[in-house]
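Colleague: Could you walk me through the model and tell me what lies behind the labels you use?

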Amino acid sequence: MKKKKTILDFYEMKKNKEQVTWVTAYDFPTATFAETAGIDMILVGDSLGMVVLGYEGTNPVTMADCISHCQAVRRGAHTWIVGDMPFMSYQVSNESAVENAGRFIKEAACDCIKLEGGIRVAPRIRAITDAGIPVIGHLGLTPQSSGQLGGFKAQGRDVKNARLVIEDALAVEQAGAYSLLLEAVPPELTKFIQEKLSIPVYSIGAGPADGQLMICGDLLGMFQAFTPKFVKKYADLARIETDAFKAYIDDVLTGRFPEDQHVYHITDSPEAFAALFEEYK
């Protein structure tokens, strides 16, 4: 098993220009597979709302959902695990933000938390880090604020918007976050922020950075309806699983399943069983 990374390792990797690999996972088996493959970090994202629970967005996801899935992932992996703060779990007050962040650490044994926003949530980041909990910031396309952003759209593509992303990035670092995730911003902007900040800067659809994040469902090809532009599919599980279900249905309907190898045979004599069945006639 690959040695578990620490914050110091992530800083050293940035210094040495070594890439960090991380992926989302929401259950025990996926976490086990990711760790076995040698992934550096696992994010239990609020994207579980769409990937696992079938919501149209992330906002319906609750703390209970996140904690439960984080616990399952922790049971499957020793890797550095990031718990994602769901909508309205940190926006109300510093006190509630710290309390909810603490739940990820105490109840699910996460190693840190991630939350969305820059200047407006800087006080929350500071309060959480002051409580001894490491924080990853998240800027650019922030799904919890997609309504304000006009939908799931790339950010920072013009100078005015790019300036806002830069100001938010500076605020996130100053507030004490140990790293930053940029989502769906131009690679030119990512490169500038990566060089400007002393903390690691990671990318999901934002070009080269100190590391890359992918949604497991996208990476594994679990969905056929829509694939984001920045996704590279490494498998086609949607087709594999559908074909497997079809083959199972066909085997059952044609009598090819179950076969003798799939059943448990009696251990007493046939005569003994015949006598047993006779009792109940």
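Colleague: How do you know the hand of the crossing in which H2 passes H4?

Modeller: Looking along the pair, a crossing is left-handed if the near helix is turned anticlockwise from the far one by less than a right angle, and right-handed if clockwise. H2 passes H4 in a right-handed crossing, so by that rule the near helix is turned clockwise from the far one. This is a predicted model, where local features need pLDDT of at least 70, side-chain atom pairs count only at pLDDT 80 or more, and totals for chains, interfaces and linings use all residues. Residues are numbered from 1 along each chain as its sequence is written, and side-chain values use heavy atoms, leaving out hydrogens and water.

Colleague: What makes H2 and H4 oblique to each other?

Modeller: The axes of helix H2 (residues 28–37) and helix H4 (residues 63–76) cross at roughly 40° and come within 7 Å. Axes here are lines fitted to C-alpha atoms, for helices over the stretch in contact, with angles from 0 to 180 degrees between N-to-C directions. Angles under 35 degrees count as roughly parallel, over 145 as roughly antiparallel, 65 to 115 as roughly perpendicular and the rest as oblique. H2 and H4 are therefore oblique. The helices themselves (H or I, at least four residues) and the strands (E, at least two) are DSSP runs, numbered from the N terminus.

Colleague: And at what angle do helix H6 and helix H7 pack?

Modeller: Helix H6 (residues 122–130) and helix H7 (residues 159–175) pack at about 20°, their axes 8 Å apart. H6 is therefore roughly parallel to H7. H6 also passes H7 in a right-handed crossing.

Colleague: What makes H5 oblique to H6?

Modeller: Helix H5 (residues 94–108) and H6 have axes that cross at roughly 50° and come within 9 Å. That value makes H5 oblique to H6, and the crossing of H5 and H6 is right-handed.

Colleague: Why does Lys 5 count as buried?

Modeller: Buried means under 20% relative accessible area, exposed over 50%, and partly exposed in between (1.4 Å probe, protein chains only). Lys 5 has 15% relative accessibility, so Lys 5 is buried. Lys 5 lies in the segment before H1, and a polar contact of 3.1 Å joins the side chains of Lys 5 and Asp 40. Such a contact is a pair of N or O atoms within 3.5 Å; within protein, one must be able to donate a hydrogen and the other to accept it, and residues adjacent in sequence count only if both atoms are side-chain atoms.

Colleague: How do you know that Glu 183 has no salt bridge?

Modeller: Glu 183, in strand S6 (residues 179–183), is buried, and the nearest side chain of opposite charge, Lys 114, is 6.5 Å away. A salt bridge needs a side-chain nitrogen of Lys or Arg within 4 Å of a carboxyl oxygen of Asp or Glu. For charge, Lys and Arg count as positive and Asp and Glu as negative, while His and the chain ends are not counted. The side chain of Glu 183 does make a polar contact of 2.9 Å with the side chain of His 138.

Colleague: Why is Lys 17 called exposed?

Modeller: Its relative accessible area is 75%, so Lys 17 is exposed. Lys 17, in the loop between helix H1 (7–15) and strand S1 (20–24), has a positive phi of about 60° although it is not a glycine.

Colleague: What does Ala 109 count as?

Modeller: Ala 109, with 37% relative accessibility, therefore counts as partly exposed. Phi of Ala 109 is also positive, near 55°.
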